[in-house]
Amino acid sequence: MMQSGPDKHIALVCNPTADNDKAFRMTDSLSLLLTGMNLKHSIYTTYWPKEWEGITEAWIIGGDGTINWFINQYPDFNRPLALFKGGSGNDFHWMLYGEMALEKQVERVLKAVPSAVDAGICNGRMFLNGVGIGFDGAIVHDLVGKKKLAGKASYLLSILKHIVGYQEKHCTIRLPDEVLESDSFMISIANARRYGGGFHVAPRAQLTDGLLDANIVGRISPLKRIQYLPVIEKGQHLELPFITYRQCTAVRITSKMALHAHLDGEYLFDKEFDITVLPKRFTFLY
């Protein structure tokens, strides 16, 4: 249960490995706001504790990668969470809060009742946004170890690099009541509607429906990739002939060769992807 008044003790959690001055500045700003409201809080910027004794809720300052790291470091975390936009990819923040000034978000979070949201798990690692396999994963592989630019800039530059040369990979997609064979350009298994800096790959996805949304982009020529990429970005692609879209509770994807993939922007490389929804796995203040 959410605590208030003198019993509330907020953890401000900033990724200690991130080379991200924005997140540290935002942590300082949040601390000043909470101090001004006489709200007890502790700041974690150089390390994250093993235990959270005495903490009533955690405010995560960072992007999709930071919240992904948090839920995988603390898979049994059972206190309310909030997420403040401090990373290069902030799609999950957008899903919860949209575009909101910092002071307005603090006000909203402090008044919010904790609400449960779904997560997913892929090959033993949890995610909140989704898993991207194929072209999407190749883009993330291209960005590994590189300093990311603001917003979608890094993602779009990598898209331009790969959009012509990437070759479809044959995959078997096993759903609970269906098996699909596809030469796939990209496969997205989504819990949330968007990732990759604003691409609405799964426009029907909801964080609370207990389902994952599988969006399979089949064989498509380089010219059509360029033509339809803006359509996919806007989430207006579901009626296109090379799109297969399913909602499911689990999916297993296999290929004879290892495939580039990502999980909330974290790079994976494997021949098999076992993915399952985790209904109402975490609670957020939004």
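**Close-up 1. The largest nonpolar core.** The largest nonpolar core of this predicted model holds 44 residues, and V13, L30, W52, W59, F70, F84 and F284 have the most contacts inside it. Strand β1 supplies the largest share of this core, five residues. A nonpolar core here is a set of buried Ala, Val, Leu, Ile, Met, Phe, Trp, Tyr and Cys residues joined through side-chain atoms within 4.5 Å. Buried means under 20% relative accessible area, exposed over 50%, and partly exposed in between, with a 1.4 Å probe and protein chains only. Apart from this core lies another, of 25 residues, including I159, V201, L238 and Y245.

A word on conventions: residues are numbered from 1 along each chain as its sequence is written, and side-chain values use heavy atoms, with hydrogens and water left out. As this is a predicted model, local features need pLDDT of at least 70 and side-chain atom pairs count only at pLDDT 80 or more, while totals for chains, interfaces and linings use all residues.

**Close-up 2. F70 and helix α2.** Not counting residues up to four places away in sequence, F70 touches V13, W48, W52, A58, I60, F77 and L81; contact means heavy atoms within 4.5 Å. Helix α2 is mostly covered, with seven of its ten residues buried. The buried ones are D64, T66, I67, N68, F70, I71 and N72. Helices (H or I, at least four residues) and strands (E, at least two) are DSSP runs, numbered from the N terminus.

**Close-up 3. Helix α5, another mostly covered helix.** Helix α5 spans residues 135–143, and eight of its nine residues are buried. They are F135, D136, G137, A138, I139, V140, D142 and L143.

**Close-up 4. The K8–E57 salt bridge.** Side chains of opposite charge can pair when their charged atoms come close. In K8 and E57, the closest N and O atoms are 2.9 Å apart, forming a salt bridge. This pair links distant parts of the chain, with K8 in the segment before β1 (10–14) and E57 in strand β3 (residues 57–62), 49 residues apart. A salt bridge is a side-chain nitrogen of Lys or Arg within 4 Å of a carboxyl oxygen of Asp or Glu, and a search of the whole structure finds twelve of them.

Close-up 5. D76 forms a salt bridge with R281, their closest N and O atoms lying 3.4 Å apart. D76 sits in the loop between α2 (64–73) and β4 (81–85) and R281 in strand β14 (residues 266–284), so the pair ties together parts 205 residues apart in sequence. D76 counts as exposed at 64% relative accessibility, whereas R281 counts as partly exposed at 26%. E272 forms a salt bridge with R252, with the closest N and O atoms 2.9 Å apart. Here E272 belongs to strand β14 and R252 to strand β13 (residues 250–263), 20 residues apart. E272 is partly exposed at 36% relative accessibility, and R252 is partly exposed at 29%.

**Close-up 6. Strand β14 and its partners.** Strands β13 and β14 run antiparallel and are joined by ten bridges; A261 stands opposite L268 in β14. Strand β5 (residues 115–122) also pairs with β14 in the antiparallel sense, over seven bridges, and I121 stands opposite T276. Two strands count as paired if DSSP finds at least two bridges between them. The β13–β14 hairpin has two residues between its strands, and D264 in the turn has a positive phi of about 50 degrees. D264 counts as buried at 6% relative accessibility. K280, in strand β14, also has a positive phi of about 50 degrees although it is not a glycine. K280 counts as exposed at 55% relative accessibility.
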